[in-house]
Amino acid sequence: SEDIKRFIKEKLSGKTVVWVYAPNIYSGGSDEVCDVKIKEFGGYDLKISYKNEEFGFKNPVMPVFAVDDSSAKILANYTDGTPACAQKNNSVYIAGGNVSPALWRDIAREAGVHIYTENVGALYTDSRIISRQTMHEEDIKIKMPFDCVLEDVFEKDRYETINGVFSYHAEKGTTKLFIIHKCK
């Protein structure tokens, strides 16, 4: 709608905005709102490759889109080499769903967002706590935006950051909840 277009232009100007699949495709075209020009592309069960990961919709979809913008920076391609993800100005276009966590992190990092971990899994934080859930057994490294001491709420272990980073070993399917104690 015109109200949403105005909101995007006024309130999100200068911010990184991510567009997935077919923004505004039936109401004037994607480049009217997302800067990156796209075109309908053959095929319906295509995967996108990014840093040795493949992602896309779980089920076939129609239509499928590809980046058609020579002035955009290509970030990822379909496995056949056709551009599927690109950035132009502050807009990022991604042609497929179930987006790779690595791509989300890289987009966020490029936008200036603090990245707490490179590990895949759920993470929640606010000014007082940080919580991390694991899907499998792994060594976790979490980078805090400042040096601090973290206290495991359940096990009472304490972790002190070194250059803003603390590490621990996580068992499969566990959730850790830490209280953040800021250091001076």
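The dialogue below goes through a predicted protein model feature by feature.

Biologist: What should I know about numbering and about the kind of model before I start?

Modeller: Residues are numbered from 1 along each chain as its sequence is written, and the side-chain values use heavy atoms, with hydrogens and water left out. This is a predicted model, in which local features need pLDDT of at least 70 and side-chain atom pairs count only at pLDDT 80 or more, while totals for chains, interfaces and linings use all residues.

Biologist: How many helices and strands are there?

Modeller: Helices (H or I, at least four residues) and strands (E, at least two) are DSSP runs, numbered from the N terminus. The protein has three helices and 15 strands. Its C-alpha atoms fill a box of roughly 55 × 35 × 25 Å along the principal axes.

Biologist: What share of the residues counts as buried?

Modeller: Buried means under 20% relative accessible area, exposed means over 50%, and partly exposed lies in between (1.4 Å probe, protein chains only). Of the 184 residues, 40% count as buried. Accessible areas come from the Shrake-Rupley method with a 1.4 Å probe, and for residues only the protein chains shown count as cover. The protein exposes about 11000 Å², and carbon and sulfur atoms supply 50% of that area.

Biologist: Is valine 92 buried or exposed?

Modeller: Valine 92 counts as buried because its relative accessibility is 1%. Valine 92 sits in strand β8 (residues 91-94). A contact means heavy atoms within 4.5 Å. Leaving aside neighbours within four places in sequence, the contacts of valine 92 include Trp19, Leu75, Cys85 and Ile107.

Biologist: Ile107 belongs to a helix. Which strands do the buried residues of α3 pack against?

Modeller: In helix α3 (residues 101-110), the buried residues are Ala102, Leu103, Arg105, Asp106 and Ile107. The buried residues of α3 pack against β1 (17-20), β3 (48-50), β4 (53-55), β7 and β8.

Biologist: What caps the N-terminal end of α3?

Modeller: Serine 100 does, with a side-chain oxygen 3.1 Å from the backbone nitrogen of alanine 102. Just after α3, glycine 112 takes a positive phi of about 95°.

Biologist: How should I read a polar contact between side chains, for example that of lysine 88?

Modeller: A polar contact is a pair of N or O atoms within 3.5 Å; within protein, one must be able to donate a hydrogen and the other to accept it, and residues adjacent in sequence count only if both atoms are side-chain atoms. The side chain of lysine 88 makes such a contact with that of aspartate 69, at 3.2 Å. Lysine 88 lies in strand β7 (residues 83-88) and counts as buried because its relative accessible area is 19%. Beyond four places in sequence, lysine 88 touches Asp35, Val36, Asp69, Ser71 and Ala72.

Biologist: Which side chain makes a polar contact with that of glutamate 151 at 3.1 Å?

Modeller: That of histidine 181. Glutamate 151 is part of strand β12 (residues 148-152) and is buried because its relative accessibility is 18%. A polar contact of 3.5 Å also joins the side chains of glutamate 151 and arginine 158.

Biologist: Is arginine 158 buried or exposed?

Modeller: Arginine 158 is exposed, because its relative accessible area is 53%. Arginine 158 belongs to strand β13 (residues 158-160) and, beyond four places in sequence, touches Val149, Leu150, Glu151 and His181.

Biologist: How do I read the pairing of strands, and how many bridges join β11 to β14?

Modeller: Two strands pair if DSSP finds at least two bridges between them. Six bridges join β11 (residues 138-143) to β14, and the two run antiparallel. Within this pairing, isoleucine 142 has phenylalanine 166 of β14 as its bridge partner.

Biologist: Which residues of β14 form its covered face?

Modeller: Phe166, Tyr168 and Ala170 form the covered face of β14 (residues 165-170), whereas Val165, Ser167 and His169 form the uncovered one.

Biologist: Which way do the residues of β5 point?

Modeller: In β5 (residues 64-67), Val64 and Ala66 point one way and Phe65 and Val67 the other, and all are buried. Strand β2 (residues 38-41) pairs with β5 in the antiparallel sense over four bridges. Phenylalanine 65 of β5 is the bridge partner of glutamate 40.
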